[in-house]
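I opened the notebook to look at a few helices, a cavity and some backbone angles. My notes follow the order in which I looked things up.

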Amino acid sequence: MTDSLRPLVAGNWKMNGSRAMTRDLLVSLGAALDGAGGAPCEIVVCPPAPYLADAARALASIPGIALGAQDCHAAASGAHTGDIAAGMLADLGCLYTIVGHSERRGDHGEASATVKAKAAAAIAAGLGAIVCVGETGADRAAGRTEAVVSEQLDGSLPDGAGAESCVIAYEPVWAIGTGQTPTPAEIGEVHASIRARLDRHLACGVRILYGGSVKPENAAAILAIAHVGGALVGGASLDADAFWSICRSCP
């Protein structure tokens, strides 16, 4: 499904947007792609669930941008009011879904075991699972960054995950939407630790994205760090020019 050596930039729109914004933003991205003669990386956009169908229609005429969702349920079907099965997302045209974002872990109390079950369901439905891990500010201050990230990774990574089915996104919780980012050395240290742990899981080649206040001004420096295989972009993905600038920053 994916080229494991190619950088991936995913835009997480979170609970933002409208039908008009979905159409206009994707048309603008499509024009930028066309003008550049192709995508400099693998590009994924993850709109809110109500706009996935609109996004799928828009992307049908925009090669080079894949559709992703922001979450899925672990079950294939059943009495789960308000939830969305991974197979339904695939039926809509999604190629990816995010699971385990810190806002799901925090706002909805999702434990790593739940994230693992969701990731397994996504993979079973043919989706790529973007599995999120990351420490809080208190964790970092206590020197527990590596321990927390390792625990989340071990608990969230489904059995048999590999480069074709899984992506890891390291997002320090304290950097999300705050404008703060770790230093390049700090990002590199965590990504190197994740890479070593993935190798022990036999999940070699899995891309590791960085997320947390990624913007055009810092994207090139972040994407040049060893073991950073792309970016998970929040607020900047709501602006077509800013998001495209980040995509163009891929080495």
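I started with a term: helices and strands here are DSSP runs, numbered from the N terminus. A helix run is H or I with at least four residues, and a strand run is E with at least two. I also noted that this is a predicted model.

**Entry: H227**

With that term in hand, I placed H227. I found H227 in the loop between α9 (216-223) and β8 (230-233). I looked up its phi, which is near 75°. That is a positive value in a residue other than glycine. Is H227 buried, partly exposed or exposed? Its relative accessibility is 39%, so H227 counts as partly exposed, because that class lies between the 20% and 50% cut-offs.

**Entry: K14**

I looked up another positive phi. K14 has a phi near 55°, and K14 is not a glycine. I located K14 in the loop between β1 (8-12) and α1.

**Entry: helix α2**

Next I turned to α2, residues 52-59. I listed its buried residues: L52, D54, A55, A58 and L59. Why do they sit on the same side of α2? They cover an arc of only 160° around the axis, and this puts them on one side. Then I checked what these buried residues pack against. I noted α1 (19-36), β2 (42-46), β3 (65-69) and α3 (86-92).

**Entry: helix α5**

I checked the length of α5, residues 112-124. At 1.5 Å a residue, its 13 residues should span 18 Å. The end C-alpha atoms are 18 Å apart, so the two values agree. The expected span uses one less than the number of residues.

I then listed the buried residues of α5: S112, V115, K118, A119, A121 and A122. They pack against α3, β4 (96-99), α4, β5 and α7 (145-156). Just after α5 I came to G126, which takes a positive phi of about 90°.

**Entry: the cavity**

Rolling a probe the size of a water molecule over the atoms shows where empty space is left. How many cavities of 30 Å³ or more are there? I counted one. The largest cavity holds about 40 Å³ of space.

I wrote down its lining: G100, S102, R105, C132, V133, G134, Q152, E171 and V173. The elements that give two or more residues to this lining are α4 (102-107) and β5 (128-133). I sorted the lining by type and got three nonpolar, four polar and two charged residues.

Notes:
Residues numbered from 1 in each chain as written. Predicted model: local features only at pLDDT ≥ 70, side-chain atom pairs only at ≥ 80, totals over all residues. Heavy atoms only, no water. Buried < 20%, exposed > 50% of the residue type's maximum accessible area, 1.4 Å probe, protein only. Arc of directions from axis to C-beta. Contact = heavy atoms within 4.5 Å. 1 Å grid on protein atoms, 1.4 Å probe; cavity = no way out; pocket = protein on both sides within 12 Å on 5 of 7 lines; lining within 4 Å. Points joined across faces, edges and corners; volume = space filled by probe spheres on them. Nonpolar A, V, L, I, M, F, W, Y, C, P; charged D, E, K, R; others polar.
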